[in-house]
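Me: I would like to go through this model term by term, asking each time what a label rests on. Please set the value against the definition before you conclude.

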Amino acid sequence: MVQQISGVVARHVLPVALERIADDPVLLLEGPRTVGKSTLLRQLAEARGAILLDLDDPATREAVAADPALFVSAPGTVCVDEYQRAPVVLDAIKAELNRDSRPGRFVLAGSARHDSLPQVAQALTGRLSRLTVYPLSQGELMGTRGELVASLFEDPVKVVAAEPISTTTREEYIERLVAGGFPMALARRPSSRGRWFDDYVALTLERDVRELSRVRQGAVLRALLSRLASQTAQVLNIDAVARDLGMDHTTAESYTRLLEAVFLVFRLPAWGKALGSRTAARPKLHVLDSGVAARLGRLSAERLGRRDPTALTELGHLLETFVVGELMKSASWLDRVAVVGHWRTHDDDEVDLVVERDDGTIVAFEVKAAGRVSGDDLGPLRKLRARTGERFVAGVVLYTGQRSYSYESRLHVLPIECIWKSR
């Protein structure tokens, strides 16, 4: 059961951010609006005894824009919230770093991807460490560490043996993915979350997208987002999307990148192109938050709980987006993760998520919205294991069933709840 939250939830990204501050002169926290970046930034400022500049406040923004050097030259750590609203501050930070580039000088937070701001994206090249702040993970909501990805790299057999019988029902999984991970949505009654999601999407499109671009076609952007949401967890076909909406390819691609820039959607790149010509190269498209995806598709818990073919297909795609999102959150807290992506062959063998460490070893995941797993369900993982040899540490099918077990060498089956309940 998804409970309403109140107060501040302990974020697993906080100790990661503190470690980065100890190593890098500038840390950038980037992620969608209302995800908790400002709260996290305040916690970092308190931990460092730093000053905090909130550029979302008009008076502060005007003062900083008028004389940015005055503010960024303060001793110790300087934290700047919504820095993209006064990008001139980055030039002042760059000048200050030319004089003093000790670790922990600046912590920035923004609701747009840094590389989507062409006028400032190059200002801090080589001095900037980027850390994505995602919506709340299920582990954060449950007060558990949720270290499944790290544990699988270390000893997958031990992970399988340690997992108890799952108590999460299919209906409870559906409730979790429909609720998503935005703190402000979770603080509301379930019956009123739909209105919050509508307002969140509208504000992001009307404010954040327009700050990045001169696009004024709000209706077109909304239609594109809805169309992309209907494709969540599927291979992205921009040409088909453009045709459906009566747009040309270039415009559809440009607008999709804008939606990525404000963290509404993301492309999960194809992984393993070096494995041979049979590996497909197109990315998958995911909505960043499963609650937003469900609302855009008007997919209520009641609709997803039906047993008809359409509802089962919709649940399969949305559950994959939910699980991939949870795994990417936990992977983002690990220093040694080098690449994440999906693996697909031209024969339509597909692995939903591959996590690769900097030593080349991989853990791969398949997501199934079913209560049992057959031998055929492990076929793509077997092929990936054969292609990658000793680099393949573990392949895991995550499903809605109860039992954890090893199916064969380096192939395992785990309930989805192990993502947030694994120790």
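Me: Why is E211 called partly exposed?

Reply: The relative accessibility of E211 is 38%, and the scale calls a residue buried under 20% relative accessible area, exposed over 50% and partly exposed in between, with a 1.4 Å probe and protein chains only, so E211 counts as partly exposed. This residue lies in helix α11, residues 193–212, where helices are DSSP runs of H or I with at least four residues, strands are runs of E with at least two, and both are numbered from the N terminus. Before going on, note that this is a predicted model, in which local features need pLDDT of at least 70 and side-chain atom pairs count only at pLDDT 80 or more, while totals for chains, interfaces and linings use all residues. Residues are numbered from 1 along each chain as its sequence is written, and side-chain values use heavy atoms, with hydrogens and water left out.

Me: How far is E211 from A112 in sequence and in space?

Reply: E211 and A112 are 99 residues apart in sequence, and their C-alpha atoms are 9.4 Å apart in space.

Me: What makes T204 buried or exposed?

Reply: T204, which also lies in helix α11, has a relative accessible area of 0% and is therefore buried. Apart from its neighbours within four places in sequence, T204 is in contact with R33, V209, V262 and L264, contact meaning heavy atoms within 4.5 Å. The side chain of T204 also reaches the backbone oxygen of Y200 at 2.8 Å.

Me: How do you know which joining of the side chains of T168 and E417 is meant by a polar contact?

Reply: The polar contact between the side chains of T168 and E417 has a distance of 2.4 Å, and the term asks for a pair of N or O atoms within 3.5 Å, of which, within protein, one must be able to donate a hydrogen and the other to accept it, while residues adjacent in sequence count only if both atoms are side-chain atoms. T168 is found in the loop between α8 (156–162) and α9 (170–179), and its relative accessibility of 9% means that T168 counts as buried. With neighbours within four places in sequence left aside, the contacts of T168 are Y173, T400, E417 and K421.

Me: Why are the buried residues of α5 said to line one face of the helix?

Reply: The buried residues of α5 (residues 88–99) are V89, L90, A92, I93, E96 and L97. Seen down the axis of α5, these buried residues fall within an arc of 160°, so they line one face of the helix; the arc is that of the directions from the helix axis to the C-beta atoms. An α-helix has 3.6 residues a turn, so residues three or four places apart point the same way. The buried residues of α5 pack against β1 (26–30), α3 (58–66), α4 (68–72) and β4 (106–110), whereas N98 and R99, on the other side of α5, are exposed.

Me: What makes α13 roughly perpendicular to α14?

Reply: Helix α13 (residues 238–245) and helix α14 (residues 249–261) pack at an angle of about 105°, with their axes 9 Å apart. Axes are lines fitted to C-alpha atoms, for helices over the stretch in contact, and angles run from 0 to 180 degrees between N-to-C directions. Angles under 35 degrees count as roughly parallel, over 145 as roughly antiparallel, 65 to 115 as roughly perpendicular and the rest as oblique, so α13 is roughly perpendicular to α14. In this packing, I238, D239 and A242 of α13 meet H249, A252, E253 and T256 of α14.

Me: Why does L245 count as partly exposed, and which residues does L245 touch?

Reply: L245, found in helix α13, has a relative accessible area of 29% and is therefore partly exposed. Not counting residues up to four places away in sequence, L245 touches A223, L224 and R227.

Me: What is the phi of F263, and why is F263 called buried?

Reply: F263 has a positive phi of about 65° although it is not a glycine, and lies in the loop between α14 and β7 (265–268). At 2% relative accessibility, F263 therefore counts as buried.
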